[in-house]
Structure formats: C-alpha cells, structure tokens
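Thanks for coming. I'll walk through one structure today, starting with a chain and ending with a contact between two chains.

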Amino acid sequence: MSDSPSPSEPRSEPRPDSRDAVLPVGAAGRYPERPERRLALVDLLDRVLAGGVVLRGDLSLCIADVELVRVSLSAVVASVSALTDLADAPDTEVPPT
Amino acid sequence: MTGARDATCIWLYAVTRDPPEDEVRGVAGEPVRAIREAGLAAYAGDVPTSEFGEPAVRRNLESLDWLAGAARAHDAVVRAAVARGATIPVRLVTLFSDDGSVRELLRDRASDFEAALGRLDGRTEWGVKVYGAEPEQAEEQAPASGETASNPGTSYLLRRRAARIERERRVRAATEHVDRLHARLTAHSVAERLHGLGGAVAREGEGTLLLNGAYLVENKRFAEFNDAVNAERGPGDVRVQLTGPWPPYSFAYVPGLSDV
C-alpha cells in the first residue's frame, strides 16, 4: 500500500464538502488514525448499506437482508431531505424533457 | 433472547488476512478483535444485544443520528483493516451469535474470500459524481427568443418552445459528456459500478445527479485515473466531484454470498 494514491485537486470548483470527502493518505499509505473527516454522510450510507459483502449471520434475528436495508435507506434519505429542507431527489437519470 | 442485560452478539466489520493491530474500537466503543480461521481474519466486536440486536437495532436504524454514528464507526474499523491490507468490507448490521458460526463461515468459503481478496489487492475504490443543472435552472438560462409576436399568447408559446429546445440541448450535451467521462474512467479502472441516482440525495445547490459511479483503481495507476477525471472540460453547468479513497464497499463481491 506504499504507493497508495492521493488525490489532486478536482477540476470542478472546490466545494467544502467535496474536499472533506477526499481523504489524504499518509506517507506510509495508511489512512489517518483518527481522521476528523466529515465524510459526506449520504455517500457513506450509500456504501455501508448497499455495498459490502452480504453474509448471512446465524442469528435468526440477523437483519442483513437487503429489503430492510432499503427500507431504512429510504427513511434515511427522507430524513436527510427533511433535515436540509429539500424536496426529494429526482429518480430519473436525466432531467425530464 | 431477552436474557441478561449485558448479553452480547457479534458485529462483523470486515474479512481480511491480517488481524487488527493496536487498538481499534467499534460501533459500541468495544475493542475490535479478530476471529481467525483458514488464514483469514474477521474483524469482529462484541456488542450489547440490547442496542445492536433485535428488536432494538431495527428501531435504531430509523434514527438518522444512530445510523450515522454506526456507519462512521463501522467505516472507521473497515478503514483500519484496509490500512493493513486487502479487505472485504461487510455490510452494516451483520450479526452472529458466536465465534464458532463466524469460523464456520470463513472455513466453508475460504477459497471464495481468498479470491475476492486477491481481486482487491493494491486497489482502491474511488467515487465520481456528476451534477448537471436543475431542469428549471436550465430553462431560466434559456436565451431570450429573438422572435416577437404581437399576440402575447404566441409570444409565450415561442418562449416556451425556445426554452424546451435549449433544455434538450443542455441535457444532450451533459449526457454525452457523462458517457465519455464514464468510458474514460472505465478504461482506467479494473472494475466499475454505477450506483443509483435516486438513492443519493442531490443536496441543495448540487443540481441533478447525472452520474454516481464507483471505480476500482490500481493504486499505481491512480494518477492516470485522476487525469481521466479531469481530461475534458464539460459543459459549463456540469460539475464533477471525485470522492475517496473508499474501502472497496462497491466491489466486495464474493460469489454465492453477495447480492451485489
């Protein structure tokens, strides 16, 4: 990991949250021990709730099933929207014509 | 299952080859330990069932604060594993009852995990998001039509038509730009995955999300990937955002185990 990359400045106009989401990698190619990073929460939730390997835990009450996660994610997205006083994000790939 | 108040279950963070070094703390502030089997190490924490087991965890997931805290803590442990070497992140809220069950899983699927780790060695996930203007915004930016009409109704229709044509032109330009960008990024990565455009919230002022891609990039080739991100200046109302490095959440595919 000694050759781990470090990002250079994105071309796009720097924005506080986009810059915060870009984590510097230390000289030894390691992530900071206690990073005071403010990862964009939605990006993180997208990944930890919809990514990662799905293992079926042996607890019958294990809830690592996608359906529940999706339900929760919708709740989260709704919460985030409410918190930031936003309308729902559009579902379409491109703006409707 | 409503036993002693301090009953615990096992929260799994990651599967890797190397046990944690130093002290890593998990979602409950618990010390993370390794459950080792078949040359693999599962990062695990003993967490109180009263908060992280059923039914509490299901309720807790509905709280954004709780979820944000759990997600960040989970991510911190996964990153600690990534710092040690190739790592398969485990999806949030994966619970086991005891070490034996985890060992059994590692033993049964050892070759699958090993193959997945091999794919992730020396590679890092990067995110690229592209935002375009809001449709309404594009409409407002439409140039004033040179055509005039004495009839206000006709004039209105002409303006509407001009706005629609302009909007379609912008959407087409943005879409083509995104297609070329994604093709370049794919060429400079070993795997790519497109995340949903509806799941992530386009925050205020961010505009419409046109691309939400994850790319698995060779660490040695990151400079080229970064160049590919910046290679082309797109339409003025399109913004590109690079995020990462991420643990390989989007590429934690283990055949037969994953649904992603």
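This is a predicted model: local features need pLDDT of at least 70, side-chain atom pairs count only at pLDDT 80 or more; totals for chains, interfaces and linings use all residues.

Two residues count as being in contact here if their C-beta atoms, placed from the backbone, lie within 7 Å. Keep that in mind for chain B: among its contacts between residues at least 6 apart in sequence, 75% join residues at least 24 apart.

Now the makeup of chain B. Its secondary structure comes to 8 helices and 9 strands. The chain has 260 residues, and 45% of them are buried.

Let me begin with strand 1 of chain B, residues 8-16. Is this strand enclosed or exposed? Of its 9 residues, 8 are buried, so strand 1 of chain B is largely enclosed by the rest of the structure.

Which strands does it pair with? Strand 1 of chain B runs antiparallel to strand 3, residues 40-48 of chain B, and 8 bridges join them. In that pairing, B:L12 stands opposite B:A44. Strand 4 of chain B, residues 87-89, is also antiparallel to strand 1, with 3 bridges; there B:A14 has B:P89 as its bridge partner. Strand 5 of chain B, residues 95-96, is joined to strand 1 by 2 bridges, again antiparallel, and B:W11 is partnered with B:L95.

Next, a sheet in chain B. Four strands make an open, antiparallel sheet in the order 7-8-6-9. Its edges are strand 7 (191-194) and strand 9 (239-246) of chain B, each pairing on one side only. On average, neighbouring strands of the sheet are turned by 20° against each other, direction ignored.

Helix 7 of chain B, residues 152-187, packs on this sheet and touches strand 6 (123-132), strand 7 and strand 8 of chain B. The direction of helix 7 makes about 10° with that of strand 8 of chain B. One position to look at is B:E192, which stands opposite B:Y215 in strand 8 of chain B.

Helix 2 of chain A contributes A:L41, A:L44, A:L45 and A:V48 to the contact, and helix 3 of chain B contributes B:A68, B:A71, B:H74 and B:D75. By type, the residues of this contact divide into 6 nonpolar, 1 polar and 1 charged.

Methods
Residues are numbered from 1 along each chain as its sequence is written. Chains are lettered from A and ligands numbered from 1 in the order in which they are written. A residue is buried if 20 or more other C-beta atoms lie within 10 Å of its own, exposed if 12 or fewer, and partly exposed in between; C-beta atoms are placed from the backbone. Two strands pair if DSSP finds at least two bridges between them. Axes are lines fitted to C-alpha atoms, for helices over the stretch in contact, and angles run from 0 to 180 degrees between N-to-C directions. Ala, Val, Leu, Ile, Met, Phe, Trp, Tyr, Cys and Pro count as nonpolar, Asp, Glu, Lys and Arg as charged, and the others, Gly among them, as polar.
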